[in-house]
Amino acid sequence: MAQQVLLYDTTLRDGMQGEGMSLSADEKVRVAHALDQLGVHLIEAGFPSSNPKEEALFELLAGESFEHAEIAAFGMTRRKDSVAADDPALRVLADCFAPVCTLVGKTWSLHLEKVTRVDPEENLRMIADSVGFLRAQGKRVIYDAEHFFDAYADDADYALRCLRAAAEAGAENLTLCDTNGATLPGGVAEATVAVVAELGSAVDIGIHTHDDAGCGVATSLVAVQRGARLVQGTVNGYGERCGNANLLTILANLQLKLGYDCVEPRRLERLTETAHLIDELCNVSPNPNQPYVGANAFAHKGGMHVAGVNRDTRTFEHIEPEQVGADRRLLISELSGKGTVEARAAKTGVDLGPDGAARVADRVKELEHQGYHLEAADGSFDLLIRKQAGDYEPLFTLESWRVIVEKRKDGAVETEATIKIWVDDERYIRTAEGNGPVNALDNALRDAICERHPHLRDIELVNYKVRILDESKGTGAATRVLLDAGDGSETWGTIGVSENIIEASWEALVDSLEAGMLPGRAEHARRPGSEVAPS
Ligand SMILES: [Zn+2]
């Protein structure tokens, strides 16, 4: 039977040290539930201090029920020259509802000398006294040995004495921390082997690393291979400096590459969704190149790659994307020929036939020559396929549109758009304001056609990017606009190119609404969506 490894998430504590990271108590509860759904075993919620925000969080968490995750509260060993029972911070930990307490303590003489100025023997007493106190209060204790690998390299004997003090006082797990993220896999392997040999029969060993040397995931994996049975990390590798080890990458590697038993396979399929949901809550834009879960993780561009993947996915993919809930993407570009076009058409339910595919491929080449960039615009590409297949109904026919931007003496800028369109045999004239020309056009257009097509109300424009194509021409250069739109369950990109930025935007805007109405998208579950349009 595969060996079990416990996943310990510290997004809500160590991850929040990252620059710009901030979550409300309610958002932290949502993160905790997402982690629980993924199958994470232990969720470190933070310091249960008297700070009102933390207090509110622990109060909320105490009232939540989780499928199988347990909440851990985090704290430090007692202050020097006192007793644990009199330490107010340890008292708060003891009184908190969390069944598990994680205590961090010093291991490295450099820190004892330079930072805390604590005598090494007193440090051992601080560890034993603090762990023993929480055990006596009925808590399970995980001991985080801070700077363990630097300490071990400096004075292995003392580093092991610190661990032994925690183990003998009743800690159920000793987690070896690479707090500075400086250690390479070989060093972590060697020290972990020594600790497991020395203490592994009495107590479980854990690993907590950072990514300063770009090895956070690698050092975590190597520690597990050498006997660690608990891995700490953060979602998407959030954390101070270069971040913590990415727990999601670690999970996928442990389970899919090394055969460890971490979570049920059906839970692993939530990996991509969990990564993106938590990015969204933390207001971080997802890294498209993130292993396993990034938008590019299973994207194929070159013609040979696409042909290979079409024949056998193992040719260019290291796992089946479905195992982690990701989607395979075939990028459209002039590099790839008919094969990509046929694959994309089949995916969206259109039978183009070889002649149709060749026509689309030729059209893609023409468009790319004009500055279109269809690999980022799958929505526009889907429309192109439909147009070539003769299976395309425009949402409306344009008579004209006009945009007025007025700058006033007091500094205010007002924008107003008027559109005249035909839907079936009916003429619609609509005027709308907006915070910019594209927003005003979007408002006027939706006002005109949402009556006939209520699904359009669910479509949100989520991203708007502008690029000048031939910069040498200055303001006379062509402009490329990329729009991302979504309906709550799917997102798609569209594109417009013109010498006029508003015309380019209009083209992308119309594509984004039409692509959202294609069969397969329009039937998605309705969701009350706010209409955010770019300016
Ligand atoms: Zn850390």
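These are legends for a handful of close-up views of a predicted model.

The model being predicted, local features need pLDDT of at least 70 and side-chain atom pairs count only at pLDDT 80 or more, while totals for chains, interfaces and linings use all residues. Numbering starts from 1 along each chain as its sequence is written, and side-chain values use heavy atoms, with hydrogens and water left out.

**View 1**
Helices (H or I, at least four residues) and strands (E, at least two) are DSSP runs, numbered from the N terminus. Both aspartate 14 and histidine 210 are buried; buried is under 20% relative accessible area, exposed is over 50%, and partly exposed is in between (1.4 Å probe, protein chains only).

**View 1. Phenylalanine 74 with a ring partner and an arginine over its face.**
Searching the whole structure turns up six aromatic pairs. In the one drawn here, phenylalanine 47 and phenylalanine 74 have ring centres 5.3 Å apart and planes at 75°, so the pair is edge-to-face. Rings of Phe, Tyr and Trp (its six-membered ring) pair if their centres lie within 6.5 Å; planes under 30 degrees apart are stacked, over 60 edge-to-face, and the rest tilted. Phenylalanine 47 belongs to the loop between strand S2 (42-46) and helix H2 (52-62) and phenylalanine 74 to strand S3, so the contact ties together parts that are 27 residues apart in sequence. Phenylalanine 47 is partly exposed, at 36% relative accessible area, whereas phenylalanine 74 counts as buried at 4%. Arginine 13 lies over the face of phenylalanine 74, at 3.7 Å from the ring centre. The test for a charge over a ring is NZ of Lys or CZ of Arg within 6 Å of the ring centre and within 35 degrees of the ring normal.

**View 2. The second largest pocket, about 750 Å³ in volume.**
Of the 37 residues lining this pocket, Phe74, Gly75, Met76, Val104 and Glu146 are the closest to its centre. Strand S3 (70-76), helix H3 (88-95), strand S4 (100-105) and helix H5 (120-136) are the elements that give two or more residues to the lining. H3 supplies the largest share, five residues. By class, the lining has 13 nonpolar, 13 polar and 11 charged residues. Nonpolar covers Ala, Val, Leu, Ile, Met, Phe, Trp, Tyr, Cys and Pro, charged covers Asp, Glu, Lys and Arg, and the others, Gly among them, are polar. On a 1 Å grid over the protein atoms alone, a pocket is an open set of points where a 1.4 Å probe fits, with protein on both sides within 12 Å along at least five of seven lines; lining residues have an atom within 4 Å of a point. The volume is the space filled by probe spheres set on the points, which are joined across faces, edges and corners.

**View 3. A tilted tryptophan pair.**
Tryptophan 401 and tryptophan 506 are 5.7 Å apart centre to centre, with 45° between the planes. Tryptophan 401 is in strand S11 (residues 397-407) and tryptophan 506 in helix H18 (residues 501-516), so-called distant parts of the chain, 105 residues apart. Tryptophan 401 is partly exposed at 23% relative accessible area, while tryptophan 506 counts as buried at 7%.
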